[in-house]
Amino acid sequence: MTDTFKMDEAQPRLLDETRQGVIGTPMDRPEGKLKVSGRAPYAAEIALDGMVHGVLVRATITRGQITAIDETSIHDTPGLLGVFHGEHFVRNPAQGMAAESPEQPGTRIDYHGQPIALVVAKTFEAARDGAHKLKISYKPDDSVDVDPQTASNVVSKDDDAVIIGDVDSAMARADASVDLQFTTPGQVAAAMEPHAAIAQWQGDQLLLHGSLQMLRFNKRELADAVGIDPENVRILSPYIGGGFGSKLGIGAEAVSAALASRALGCPVRVVMARQTVFDAVLRRTETSQRVRFAATKEGKLTAIAHDDTVSNLSDEGFAEPVSTASQFLYGAENMHFLQKVAQIHRTPAGSVRAPGEAVGMLAFEAGLDELAEKLDICPVQLRLNNLPERHPATDQAFSARALAQALREGAQQFGWSERQPTASRREGDWYIGMGMASAARSNMLVPSAARVTLEADRIVVETDMTDIGTGSYAILGQIAAEMLGLPTEKVVVRLGDTDLPGASGSGGSFGASSAGSAVYLAAKKLREELAHSLGCAAEELTLQDGMARGANHEKSFAELLPNPIMAEGAIEGGKTADEYFSAGFGAHFCEVAVHAWTGETRVRRMLGVFGMGRVLNEKTARSQAVGGMIWGVGAALTEELSHDPRTGHIVSRDLANYHVPAHADIPRQMDVVFLEERDDQANPMQTKGIGELGISGAGAAVVNAIHNACGVRIYDFPATPDKVIAGLEALGR
Amino acid sequence: MKSFDYIRAESLSDASKAMGDGAQLIAGGTNLLDLMKLQIMSPDRVIDITRLPGLSDVAPYKDGVKIGALVSNSDLAADPKIKALYPVLTRAIVAGASGQIRNKASTGGNLLQRTRCPYFYDTSMACNKRAPGTGCSAHGGAGRMLAILGTSDDCMAAHPSDMAVALRALEAHVEITSANGETREVGLDTLYRLPGDRPDLETTLAEGEIITAVILPAPVKGSVQSYRKVRDRASYAFALVSVAAVVTMDGDKIDTASLAFGGVGVRPWKDAQVDALLHGQTPDQALFAKAADRLLAQAKPHPEAEFKRPLVKRALIAALREATGLAPATAGTDKTRDAV
Ligand SMILES: Cc1cc2nc3c(=O)[nH]c(=O)nc-3n(C[C@H](O)[C@H](O)[C@H](O)COP(=O)(O)OP(=O)(O)OC[C@H]3O[C@@H](n4cnc5c(N)ncnc54)[C@H](O)[C@@H]3O)c2cc1C
């Protein structure tokens, strides 16, 4: 076993000393060409001899029991090989980092759309026809809650509540206050690649080609679901067409493929139809949120409260942490954060990109905008007035926090001073307005290991880390190249294989920092070995383009390395995480046009300014930031799961009805500025998470701009034309 | 997907003869194939008409233009005659679907595309249009996209086509050819049935009848034409509401106005009373609001589609302000030219 480095204290900023000069550069993703030319095989694209096809069948009642699955009803399906269901079948994907099987309800139905059987045939088309026709009998349970607003079981999470001082009396005494109710609808990740798996057995060994984000955990989840030893499971997931949280845990496609393949003795492929992805993959919960602020007339906050209700199936542990960022962005003497979970029978909820901040900050930052209006204080200034010294709820010191700088720099670069009073700027039939919001997303370090091998002219990086389209291949290669002094073309990065050292996986924006630190630590060991061979101290060593120099020695790698050298690195969080609170911070600025007659909103330009620690690759980081901001636009304007009020099932279950922003919704001017920052308490590379900061707060900047444009406040997301015109009509416009 | 026979028709009569029980024509396939994969439509026989000769031209015809049923949506929108003389048609087409889909989609297929009601699309739910007599799940269900005009107790599904809305404003006809080679020309109001108690019967096409062309009447000289589509995102979404307008002025009064509406009707909607109300009047906001009220007099919205009343009213006002010169024309509003 490798020794594991614990992040107990700040480390020297070695990556500022190394000489290769590739860290932070906007390097293209090495696998990019394969992807755009169709040569990067995704899970469903592996062609195996004798492979057959399975299609999942969904439950068409909301709650109850399956009384019979009548296989004879489809006996005439050409090439039918079997119908699989039963005790091992999983109800929904595992929650992130579960490391055990998700719920296996047997014949019990917990939601309309639950996968309950797999029809396998020689051709995909026949299997799909069989799945459609398979006759299932149910004993429905008619007492069923599908609406969080009217649910009879609502659990109050009092133990997790944060209550400081007395918000109610602060509200009563305040010079100004707001008490606002918001709702956000359910959302989905809508990754481009639908969930897919191919399972293949050799004896008692299961090989799964999957599309999964966290292999170290997925291996154990799959083994537990199928009832075998994790040592007998290998998962390959080298290329993933987007995950956004929806592929954190093993799901019905993988488990059913494994079960069918074991029974049939041949490889089985299961690809979810887009509608199945909506039905049977974890969604983001809908929320209702109450936001309260109280302040003095000078704009000092005296109370901050953010209470929310989310939903899930009663036995799913996950509850969207809506108020996470609300607890540390600003400070006040009185605070109140309480969450309730409505237990309802809809497709269960789980992590979707930036769980918590993505929807919590919509309401929180929109509420603050309304307070600023009441106080007649600039919203930027109101935020600057109220930055806390320490984390108000945990009393930790902040590690690196660029919020004030982001607010100031953003306001200046965006031209915030040009902002006009509410509803006073018109261009033809369009109202024009500006809005802003803070950005914040807490940062994490998750245990990770990696192996690095250095040859005279090549580096090999190996870990079971995944690349979900974010750039893991690129940045892990850059870290190794920088640390070991070879050009990035000389690095081979192998990912997505459970036989390789276990990493954090991709989730919670922690992948680059966690898996990257493991690579960094392995490379650091190799640097020590090189220093020793060269005859200098590690601190004296410089490596560049295959040459090692130090203490008046100079040797090429070819001379120094008769044989390849290899090291493993492993990291886990330590004392710094207790003493310091680490998060990415930033500020969003947005200009919109709102049509005076039809209520359509068009984003005209957007700027995000972010302090997210050391940037490892300027290009992939920018793509993440812009992608996050686009998600913010979607949350503000277009994205909405609608549910049938009787069955609870998702009605908008394809991409024609669930509206992610189209190109025409996104302006050319989506600017991103990275502030130079090192977070010494985060990890030895001084990096922070990037993938989710861009979304956090972005949508609030959009709706705040809508208000500035036309005077309409949006409390019910998203701001579709019907809601905007209702607001306009209420104002007599 | 259910197995089916595929027949490539070489001639119109081939195609007509192969029709009948359980057969479906296929043109671009952009709607039919999706529906077949989901087993919302499961024909036994699919008759490919894309090789039929003589149906792919946009050509002068009488005083107007004849558009072959196989002309692609992209080609039709880009046709110089259409852009110059019938610009509302170009605007409506490019407001629909995506570039890729419009390249495949045909004129005939666009007219006969099926509704996007989510309950029609979900085979686990009752739907009188998909499975006659099973009921209508949209009652008491999610209903934001439903029609508010022409609905019945059995069906509230909206017709999704943008192109057909412009065609109604242009008073186009369709040419229909029967199995024995005879042709007839009917207006769109005759082509499309109202749902009544048989929402599964959407058109008056008889067995073996094929749409062979769309016929546009003489261009409306000196008209201003406008297509205003309001949707949930800027592109690639079906209309919440849309307004097609063809307007001529006589001095500062409206001479003629031909309006049609999308997103609100069970079929592309036109109301002669609305046009008549505008005729000869001085354009102003109050007049436009009155026209909208006339349009909506019979509206019966599902609670979630209630917003379509104010929205279509506001969209109508926005469109007519530009079409009558009360406001400067923006993208979507064009003056017809006298010649190509
Ligand atoms: C994602 C998506 C978004 C879309 N968005 C929009 C939109 O915003 N606005 C819009 O208007 N449309 C939209 N569409 C629909 C698109 O316009 C239609 O799918 C297309 O026009 C259908 O034409 P087709 O030739 O492909 O028809 P097909 O799929 O080939 O046929 C459709 C139907 O018409 C019948 N048919 C075809 N030709 C004839 C004929 N000559 N005579 C008699 N019957 C015939 C077929 O039997 C079939 O029943 C969208 C489609 C998709 C997939």
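Helices (H or I, at least four residues) and strands (E, at least two) are DSSP runs here, numbered from the N terminus.

A word on bookkeeping: residues are numbered from 1 along each chain as its sequence is written, while chains are lettered from A and ligands numbered from 1 in the order in which they are written. As the model is a predicted one, local features need pLDDT of at least 70 and side-chain atom pairs count only at pLDDT 80 or more, though totals for chains, interfaces and linings use all residues; side-chain values use heavy atoms, with hydrogens and water left out.

Now for the place where the chains meet. Chain A brings 39 residues to the contact and chain B brings 38, contact being heavy atoms within 4.5 Å. Between them about 3,300 Å² is buried, with 52% coming from carbon and sulfur atoms; that is the accessible area (1.4 Å probe) that two parts lose on being put together, summed over both. Five salt bridges run between chain A and chain B, including the one where the side chains of A:E600 and B:R228 meet at 2.8 Å, N to O. On the chain A side that touches chain B, α2 (124-133) and α16 (721-730) each supply at least two residues.

Over in the ligand's surroundings, 33 residues form the shell, and the closest are B:L25, B:G29, B:T30, B:S106 and B:D162; a residue qualifies if one of its heavy atoms lies within 4 Å. Two of these residues reach ligand oxygen atoms with polar side-chain atoms: B:T30 at 2.7 Å and B:S106 at 2.6 Å. B:I211 instead uses a backbone N or O atom, 2.9 Å from a nitrogen atom of the ligand. Taken alone the ligand exposes 980 Å², and the protein buries 95% of that (Shrake-Rupley method, 1.4 Å probe). In chain B, the elements giving two or more residues to this shell are β2 (23-26), α2 (32-37), α7 (107-111) and β8 (210-216).

Note on methods. A polar contact is a pair of N or O atoms within 3.5 Å; within protein, one must be able to donate a hydrogen and the other to accept it, and residues adjacent in sequence count only if both atoms are side-chain atoms. A salt bridge is a side-chain nitrogen of Lys or Arg within 4 Å of a carboxyl oxygen of Asp or Glu.
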